[in-house]
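Subject: Structure handover

Hello,

Here is the structure I said I would pass on. Please look through it first, then read the notes below.

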Amino acid sequence: MAHSHDHHGHDHHGRGHAHGANKTRMLIAAVLTGGFMVAEAVGGILTGSLALLADAGHMLTDSVSLAFAWYAFHLAERSATSRLTYGYDRLKTLVAYTNGLTIFAIAAWIVWEAWDRFSDPSPVLGRPMLVIALLGLAINIGAFLVLHGGSREDLNMRGALLHVIGDLLGSVAALVAAGVILATGWYPIDPILSVLVALLLFRSAWGLVRDAGHVLLEGTPLSMDRDRIARDIEANVEGVREIHHMHVWSLDGTRNMATLHACLVEETDSHAAIGAIKSRLSEHHGIGHATVEPEFGRCADHGVKDKQRHGS
(Lines give C-alpha, C1' and ligand atoms only; values in the text may rest on other atoms or scores of the structure.)
Protein backbone atom coordinates (compact mmCIF):
# COMPACT_ATOMS: atom_id res chain seq x y z
CA MET A 1 0.00 0.00 0.00
CA ALA A 2 1.38 3.40 -0.94
CA HIS A 3 0.47 6.74 0.54
CA SER A 4 1.40 10.18 -0.62
CA HIS A 5 0.83 13.58 0.91
CA ASP A 6 0.69 16.95 -0.78
CA HIS A 7 2.02 20.18 0.73
CA HIS A 8 2.13 23.43 -1.21
CA GLY A 9 4.38 26.12 0.23
CA HIS A 10 2.58 28.98 -1.47
CA ASP A 11 -0.77 27.73 -0.16
CA HIS A 12 0.55 27.72 3.41
CA HIS A 13 2.03 31.22 2.97
CA GLY A 14 -1.22 32.64 1.59
CA ARG A 15 -3.32 30.91 4.21
CA GLY A 16 -0.98 32.10 6.96
CA HIS A 17 -1.23 35.72 5.79
CA ALA A 18 -5.05 35.58 5.69
CA HIS A 19 -5.06 33.81 9.07
CA GLY A 20 -3.00 36.58 10.68
CA ALA A 21 -5.18 39.33 9.19
CA ASN A 22 -8.37 37.60 10.39
CA LYS A 23 -6.89 37.18 13.87
CA THR A 24 -6.08 40.91 14.12
CA ARG A 25 -9.55 41.88 12.88
CA MET A 26 -11.11 39.60 15.48
CA LEU A 27 -9.14 41.20 18.32
CA ILE A 28 -10.09 44.75 17.26
CA ALA A 29 -13.78 43.79 17.04
CA ALA A 30 -13.64 42.14 20.49
CA VAL A 31 -12.14 45.26 22.07
CA LEU A 32 -14.68 47.59 20.41
CA THR A 33 -17.63 45.40 21.38
CA GLY A 34 -16.51 44.76 24.95
CA GLY A 35 -15.64 48.38 25.55
CA PHE A 36 -19.09 49.69 24.70
CA MET A 37 -21.06 46.81 26.24
CA VAL A 38 -20.70 48.17 29.79
CA ALA A 39 -21.97 51.63 28.83
CA GLU A 40 -24.95 50.15 27.00
CA ALA A 41 -25.87 47.88 29.91
CA VAL A 42 -25.82 50.83 32.33
CA GLY A 43 -27.83 52.88 29.86
CA GLY A 44 -30.41 50.12 29.47
CA ILE A 45 -30.91 49.91 33.23
CA LEU A 46 -31.17 53.68 33.66
CA THR A 47 -33.57 54.20 30.74
CA GLY A 48 -35.62 51.04 31.28
CA SER A 49 -35.18 50.02 27.63
CA LEU A 50 -35.39 46.31 26.76
CA ALA A 51 -33.92 47.06 23.34
CA LEU A 52 -30.79 48.47 24.96
CA LEU A 53 -30.59 45.70 27.56
CA ALA A 54 -31.09 43.06 24.88
CA ASP A 55 -28.37 44.61 22.78
CA ALA A 56 -26.08 44.91 25.82
CA GLY A 57 -26.68 41.26 26.72
CA HIS A 58 -25.97 40.33 23.14
CA MET A 59 -22.80 42.41 23.16
CA LEU A 60 -21.66 40.75 26.40
CA THR A 61 -21.97 37.32 24.83
CA ASP A 62 -20.44 38.66 21.63
CA SER A 63 -17.43 40.03 23.50
CA VAL A 64 -16.80 36.60 25.03
CA SER A 65 -17.48 34.87 21.70
CA LEU A 66 -15.16 37.20 19.79
CA ALA A 67 -12.47 36.65 22.42
CA PHE A 68 -12.85 32.87 22.05
CA ALA A 69 -12.84 33.24 18.26
CA TRP A 70 -9.59 35.22 18.50
CA TYR A 71 -8.12 32.54 20.77
CA ALA A 72 -9.19 29.87 18.27
CA PHE A 73 -7.11 31.66 15.63
CA HIS A 74 -4.26 31.78 18.14
CA LEU A 75 -4.44 28.04 18.85
CA ALA A 76 -4.71 27.25 15.14
CA GLU A 77 -1.17 28.61 14.76
CA ARG A 78 0.19 25.73 16.84
CA SER A 79 1.87 22.90 15.02
CA ALA A 80 0.28 19.48 14.67
CA THR A 81 1.20 16.85 17.26
CA SER A 82 1.21 13.07 17.41
CA ARG A 83 -2.18 13.28 19.15
CA LEU A 84 -3.64 16.09 17.03
CA THR A 85 -2.19 15.24 13.63
CA TYR A 86 -4.17 17.94 11.79
CA GLY A 87 -3.37 20.59 14.37
CA TYR A 88 -5.95 22.93 15.91
CA ASP A 89 -7.63 24.32 12.78
CA ARG A 90 -10.93 22.58 13.45
CA LEU A 91 -11.20 24.42 16.78
CA LYS A 92 -12.25 27.50 14.78
CA THR A 93 -15.18 25.54 13.35
CA LEU A 94 -16.14 24.30 16.82
CA VAL A 95 -16.16 27.90 18.09
CA ALA A 96 -18.29 28.94 15.11
CA TYR A 97 -20.78 26.15 15.89
CA THR A 98 -20.89 27.19 19.56
CA ASN A 99 -21.37 30.83 18.55
CA GLY A 100 -24.40 29.83 16.48
CA LEU A 101 -25.94 28.04 19.47
CA THR A 102 -25.34 31.03 21.76
CA ILE A 103 -27.07 33.29 19.25
CA PHE A 104 -30.11 30.98 19.39
CA ALA A 105 -30.12 31.28 23.19
CA ILE A 106 -29.81 35.07 23.08
CA ALA A 107 -32.64 35.40 20.57
CA ALA A 108 -34.87 33.13 22.70
CA TRP A 109 -34.20 35.28 25.78
CA ILE A 110 -35.05 38.45 23.86
CA VAL A 111 -38.38 36.97 22.72
CA TRP A 112 -39.22 35.81 26.26
CA GLU A 113 -38.40 39.19 27.81
CA ALA A 114 -40.21 41.05 25.04
CA TRP A 115 -43.39 39.06 25.67
CA ASP A 116 -43.25 40.01 29.34
CA ARG A 117 -42.64 43.68 28.50
CA PHE A 118 -45.39 43.74 25.89
CA SER A 119 -47.89 42.29 28.38
CA ASP A 120 -46.94 44.94 30.92
CA PRO A 121 -45.30 47.94 29.16
CA SER A 122 -43.01 49.99 31.36
CA PRO A 123 -41.89 53.60 30.80
CA VAL A 124 -38.73 54.15 28.77
CA LEU A 125 -36.53 57.26 28.83
CA GLY A 126 -36.44 58.04 25.13
CA ARG A 127 -33.81 60.79 24.95
CA PRO A 128 -30.94 59.01 26.82
CA MET A 129 -31.89 55.84 24.97
CA LEU A 130 -31.51 57.68 21.66
CA VAL A 131 -28.01 58.95 22.56
CA ILE A 132 -26.80 55.51 23.71
CA ALA A 133 -28.31 53.83 20.64
CA LEU A 134 -26.47 56.27 18.35
CA LEU A 135 -23.16 55.60 20.09
CA GLY A 136 -23.80 51.85 19.93
CA LEU A 137 -24.61 52.07 16.24
CA ALA A 138 -21.32 53.87 15.56
CA ILE A 139 -19.31 51.29 17.53
CA ASN A 140 -21.05 48.36 15.84
CA ILE A 141 -20.57 49.83 12.37
CA GLY A 142 -16.87 50.15 13.15
CA ALA A 143 -16.65 46.51 14.31
CA PHE A 144 -18.63 45.38 11.25
CA LEU A 145 -16.29 47.20 8.86
CA VAL A 146 -13.27 45.66 10.58
CA LEU A 147 -14.61 42.11 10.27
CA HIS A 148 -16.22 42.61 6.86
CA GLY A 149 -12.78 42.80 5.27
CA GLY A 150 -11.95 39.28 6.51
CA SER A 151 -12.38 35.96 4.72
CA ARG A 152 -15.97 35.01 3.87
CA GLU A 153 -14.98 31.34 3.65
CA ASP A 154 -13.72 31.12 7.23
CA LEU A 155 -16.57 29.87 9.44
CA ASN A 156 -15.00 31.41 12.52
CA MET A 157 -15.03 34.82 10.82
CA ARG A 158 -18.61 34.23 9.67
CA GLY A 159 -19.67 33.48 13.23
CA ALA A 160 -17.97 36.60 14.57
CA LEU A 161 -19.46 38.74 11.79
CA LEU A 162 -22.90 37.31 12.55
CA HIS A 163 -22.57 38.34 16.19
CA VAL A 164 -21.63 41.89 15.19
CA ILE A 165 -24.49 42.07 12.67
CA GLY A 166 -26.82 41.09 15.50
CA ASP A 167 -25.40 43.93 17.60
CA LEU A 168 -25.80 46.30 14.66
CA LEU A 169 -29.44 45.33 14.21
CA GLY A 170 -29.98 45.70 17.94
CA SER A 171 -28.62 49.25 17.85
CA VAL A 172 -30.84 50.11 14.86
CA ALA A 173 -33.88 48.69 16.67
CA ALA A 174 -33.05 50.68 19.80
CA LEU A 175 -32.57 53.82 17.71
CA VAL A 176 -35.94 53.42 15.95
CA ALA A 177 -37.67 52.56 19.23
CA ALA A 178 -36.23 55.67 20.89
CA GLY A 179 -37.44 57.82 18.00
CA VAL A 180 -40.97 56.40 18.15
CA ILE A 181 -41.12 56.80 21.94
CA LEU A 182 -39.95 60.41 21.74
CA ALA A 183 -42.44 61.19 18.96
CA THR A 184 -45.52 59.29 20.20
CA GLY A 185 -44.85 57.98 23.71
CA TRP A 186 -45.81 54.46 22.54
CA TYR A 187 -43.69 52.17 24.73
CA PRO A 188 -44.65 48.78 23.20
CA ILE A 189 -42.48 49.62 20.17
CA ASP A 190 -39.44 48.74 22.30
CA PRO A 191 -40.25 45.00 22.78
CA ILE A 192 -41.79 44.72 19.29
CA LEU A 193 -38.58 45.79 17.54
CA SER A 194 -36.58 43.58 19.88
CA VAL A 195 -38.55 40.55 18.66
CA LEU A 196 -37.93 41.49 15.02
CA VAL A 197 -34.20 41.53 15.72
CA ALA A 198 -34.49 38.15 17.47
CA LEU A 199 -36.21 36.61 14.43
CA LEU A 200 -33.42 37.82 12.15
CA LEU A 201 -30.89 36.33 14.55
CA PHE A 202 -32.71 32.97 14.53
CA ARG A 203 -32.48 32.81 10.74
CA SER A 204 -28.79 33.74 10.57
CA ALA A 205 -27.82 31.46 13.48
CA TRP A 206 -29.43 28.48 11.78
CA GLY A 207 -27.29 28.99 8.67
CA LEU A 208 -24.11 29.18 10.74
CA VAL A 209 -24.93 26.09 12.87
CA ARG A 210 -25.87 24.14 9.73
CA ASP A 211 -22.65 24.98 7.85
CA ALA A 212 -20.35 24.50 10.86
CA GLY A 213 -22.10 21.23 11.72
CA HIS A 214 -21.56 20.02 8.17
CA VAL A 215 -17.82 20.65 8.52
CA LEU A 216 -17.68 18.94 11.94
CA LEU A 217 -19.42 15.90 10.43
CA GLU A 218 -16.76 15.89 7.70
CA GLY A 219 -19.32 16.31 4.96
CA THR A 220 -18.26 17.09 1.41
CA PRO A 221 -17.94 20.90 1.05
CA LEU A 222 -21.16 22.32 -0.36
CA SER A 223 -19.33 23.82 -3.33
CA MET A 224 -17.98 20.42 -4.37
CA ASP A 225 -19.39 17.28 -5.99
CA ARG A 226 -17.31 14.26 -4.97
CA ASP A 227 -18.54 12.03 -7.82
CA ARG A 228 -17.95 14.73 -10.42
CA ILE A 229 -14.39 15.20 -9.13
CA ALA A 230 -13.75 11.46 -9.37
CA ARG A 231 -15.05 11.34 -12.95
CA ASP A 232 -12.93 14.38 -13.82
CA ILE A 233 -9.77 12.63 -12.64
CA GLU A 234 -10.66 9.48 -14.59
CA ALA A 235 -11.17 11.55 -17.74
CA ASN A 236 -8.13 13.82 -17.48
CA VAL A 237 -5.31 11.91 -15.75
CA GLU A 238 -3.50 9.47 -18.00
CA GLY A 239 -3.29 5.90 -16.71
CA VAL A 240 -6.23 6.19 -14.29
CA ARG A 241 -8.87 3.55 -14.95
CA GLU A 242 -11.14 4.18 -11.95
CA ILE A 243 -11.40 6.32 -8.80
CA HIS A 244 -13.23 4.85 -5.79
CA HIS A 245 -13.32 4.96 -1.98
CA MET A 246 -13.09 8.74 -2.32
CA HIS A 247 -13.73 11.04 0.63
CA VAL A 248 -13.67 14.84 0.45
CA TRP A 249 -13.99 17.07 3.51
CA SER A 250 -12.78 20.34 5.01
CA LEU A 251 -10.92 21.02 8.24
CA ASP A 252 -12.27 24.53 8.80
CA GLY A 253 -14.32 25.52 5.76
CA THR A 254 -11.22 26.66 3.84
CA ARG A 255 -8.70 23.77 3.95
CA ASN A 256 -10.08 21.00 1.75
CA MET A 257 -8.80 17.42 2.04
CA ALA A 258 -9.29 14.18 0.12
CA THR A 259 -8.45 10.49 0.31
CA LEU A 260 -9.03 8.12 -2.59
CA HIS A 261 -8.08 4.87 -4.27
CA ALA A 262 -6.80 5.18 -7.84
CA CYS A 263 -7.08 2.00 -9.90
CA LEU A 264 -4.38 2.32 -12.58
CA VAL A 265 -3.90 0.74 -15.98
CA GLU A 266 -1.23 -1.98 -15.94
CA GLU A 267 2.38 -0.74 -16.38
CA THR A 268 1.39 2.85 -15.51
CA ASP A 269 4.01 4.78 -13.55
CA SER A 270 2.21 5.00 -10.18
CA HIS A 271 4.42 7.84 -8.90
CA ALA A 272 3.71 9.99 -11.96
CA ALA A 273 -0.02 9.16 -11.78
CA ILE A 274 -0.23 10.15 -8.13
CA GLY A 275 1.53 13.45 -8.87
CA ALA A 276 -0.88 14.17 -11.74
CA ILE A 277 -3.91 13.36 -9.57
CA LYS A 278 -2.70 15.69 -6.83
CA SER A 279 -2.05 18.48 -9.30
CA ARG A 280 -5.52 18.05 -10.79
CA LEU A 281 -7.13 18.14 -7.35
CA SER A 282 -5.18 21.23 -6.31
CA GLU A 283 -5.42 23.28 -9.51
CA HIS A 284 -8.98 22.46 -10.62
CA HIS A 285 -10.84 21.56 -7.41
CA GLY A 286 -9.22 23.53 -4.59
CA ILE A 287 -8.07 20.42 -2.67
CA GLY A 288 -4.59 21.18 -1.38
CA HIS A 289 -3.97 18.04 0.69
CA ALA A 290 -4.68 14.55 -0.67
CA THR A 291 -3.78 10.98 0.19
CA VAL A 292 -3.84 8.71 -2.85
CA GLU A 293 -3.63 4.91 -2.77
CA PRO A 294 -2.63 3.47 -6.17
CA GLU A 295 -3.92 0.03 -7.15
CA PHE A 296 -3.46 -2.42 -10.00
CA GLY A 297 -6.22 -4.93 -10.59
CA ARG A 298 -8.31 -5.77 -7.54
CA CYS A 299 -8.84 -3.25 -4.71
CA ALA A 300 -6.73 -4.21 -1.69
CA ASP A 301 -9.66 -3.52 0.64
CA HIS A 302 -11.63 -6.38 -0.93
CA GLY A 303 -9.15 -8.90 0.40
CA VAL A 304 -9.33 -7.38 3.87
CA LYS A 305 -13.13 -7.49 3.82
CA ASP A 306 -13.09 -11.13 2.64
CA LYS A 307 -10.87 -12.09 5.58
CA GLN A 308 -13.09 -10.23 8.03
CA ARG A 309 -16.16 -11.91 6.58
CA HIS A 310 -14.65 -15.37 7.10
CA GLY A 311 -13.30 -14.54 10.55
CA SER A 312 -9.64 -14.93 9.62
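Is Ser122 buried, exposed or partly exposed? Ser122 is partly exposed, with a relative accessible area of 27%; buried means under 20% relative accessible area, exposed over 50%, and partly exposed in between, with a 1.4 Å probe and protein chains only.

Before the rest, some ground rules. This is a predicted model, in which local features need pLDDT of at least 70 and side-chain atom pairs count only at pLDDT 80 or more, while totals for chains, interfaces and linings use all residues. Residues are numbered from 1 along each chain as its sequence is written, and side-chain values use heavy atoms, with hydrogens and water left out.

Back to Ser122. This residue sits in the loop between α3 and α4 (126-148); helices are DSSP runs of H or I with at least four residues, strands are runs of E with at least two, and both are numbered from the N terminus. Leaving aside neighbours within four places in sequence, Ser122 is in contact (heavy atoms within 4.5 Å) with Gly48, Arg117 and Tyr187. Gly48 is 74 residues from Ser122 in sequence, yet their C-alpha atoms are 7.5 Å apart in space.

Next, the aromatic rings. Rings of Phe, Tyr and Trp (its six-membered ring) pair if their centres lie within 6.5 Å; planes under 30 degrees apart count as stacked, over 60 as edge-to-face and the rest as tilted. By this rule there is one aromatic pair. It is formed by Phe104 and Phe202 and is tilted, at 6.0 Å centre to centre with 35 degrees between the planes. Phe104 belongs to helix α3 (residues 90-119) and Phe202 to helix α6 (residues 189-216), so the pair ties together parts that are 98 residues apart in sequence. Phe104 is partly exposed at 25% relative accessibility, and Phe202 is partly exposed at 26%.

As for helix α6, its 28 residues should span 40 Å at 1.5 Å a residue, and its end C-alpha atoms are 40 Å apart, which agrees. The expected span is 1.5 Å times one less than the number of residues. Glu218 follows α6 and has a positive phi, near 60 degrees.

Last, the cysteines. The whole structure has zero disulfides, a disulfide being a pair of cysteine sulfur atoms within 2.5 Å. Cys263 is in no disulfide, and its nearest cysteine sulfur, in Cys299, is 8.2 Å away, too far for a bond. Cys263 is buried, with a relative accessible area of 2%, and Cys299 is buried at 5%.

Regards
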